[in-house]
Amino acid sequence: MSDELSYIGNEEEGFAIPCQIKIAEDCAQVGAFCESKEDACQWVEDECWISSGEGHFCLQCNDQVMRNIAKLATKKTK
Ligand SMILES: [Zn+2]
């Protein structure tokens with residue numbers, strides 16, 4: 001088991017957590033750049049990004065996932 005999430009950035013620019021799935025047209029793409037990985041992680045938590053266990057994805061993508069699931073559910077009943 002790994003607690004290591006995927007971050008982008010470096011010591012100079014700071015760290016940010018990218019959206020893991022990027023499927024929404026209005027996807028946030030990446031969280032805010034923060035001084036530390038902890039801060040970057042805190043930022044996505046504050047923004048209520050969804051944790052998938054391996055990474056995080058933004059609320060816009062979460063909405064898109066929900067819409068996709070709803071579509072599939074509708075197809076099945078027809
Ligand atoms: Zn996204």
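Modeller: What follows starts with the chain as a whole, goes on to the core, and ends with some residues in strands and loops.

This is a predicted model, in which local features need pLDDT of at least 70 and side-chain atom pairs count only at pLDDT 80 or more, while totals for chains, interfaces and linings use all residues. Residues are numbered from 1 along each chain as its sequence is written.

The chain has two helices and four strands; helices (H or I, at least four residues) and strands (E, at least two) are DSSP runs, numbered from the N terminus. Their order along the sequence is β-β-α-β-β-α. The radius of gyration of the chain is 15 Å, well over the 12 Å that the globule rule gives for 78 residues, so the chain is more spread out than a compact globule. Here the radius of gyration is taken over C-alpha atoms, and the globule rule is 2.2 Å times the number of residues to the power 0.38. The C-alpha trace spans about 55 × 30 × 20 Å along its principal axes.

Of the 78 residues, 15% count as buried. A residue is buried if 20 or more other C-beta atoms lie within 10 Å of its own, exposed if 12 or fewer, and partly exposed in between, with C-beta atoms placed from the backbone.

Now the core. The largest nonpolar core has nine residues: Phe15, Ile17, Cys19, Ala40, Val44, Trp49, Phe57, Cys58 and Cys61. A nonpolar core is a set of buried Ala, Val, Leu, Ile, Met, Phe, Trp, Tyr and Cys residues joined through C-beta atoms within 7 Å. In soluble globular proteins, nonpolar side chains tend to be buried together.

Phe57 is one of these core residues and lies in strand β4, residues 56-57. Phe57 counts as buried because it has 24 C-beta neighbours inside 10 Å. Leaving out residues up to four places away in sequence, Phe57 touches Cys19, Gln20, Ile21, Trp49, Ile50, Ser52 and Asn62; two residues are in contact if their C-beta atoms, placed from the backbone, lie within 7 Å. Phe57 and Gln29 are 28 residues apart along the chain, and their C-alpha atoms are separated by 8.6 Å.

Cys61, also in the core, touches Cys19, Ile21, Lys22, Ile23, Ala24 and Cys27, again not counting residues up to four places away in sequence.

Lys22, one of the contacts of Cys61, sits in the loop between β2 (14-16) and α1 (37-46). With 15 C-beta neighbours inside 10 Å, Lys22 counts as partly exposed. Its phi is near 50°, a positive value in a residue other than glycine. Most residues other than glycine have a negative phi, and most peptide bonds are trans. Cys48, in the loop between α1 and β3 (50-51), has a positive phi as well, near 65°. Cys48 counts as exposed, with 9 C-beta neighbours inside 10 Å.

Glu25 is found in the loop between β2 and α1 and is exposed, with 7 other C-beta atoms within 10 Å. Glu25 and Gln64 are 39 residues apart in sequence, and their C-alpha atoms are 8.8 Å apart in space.

Finally, Ile8 lies in strand β1, residues 8-10. Ile8 counts as partly exposed, with 14 C-beta neighbours inside 10 Å. Its contacts, not counting residues up to four places away in sequence, are Ala16, Pro18 and Val30.
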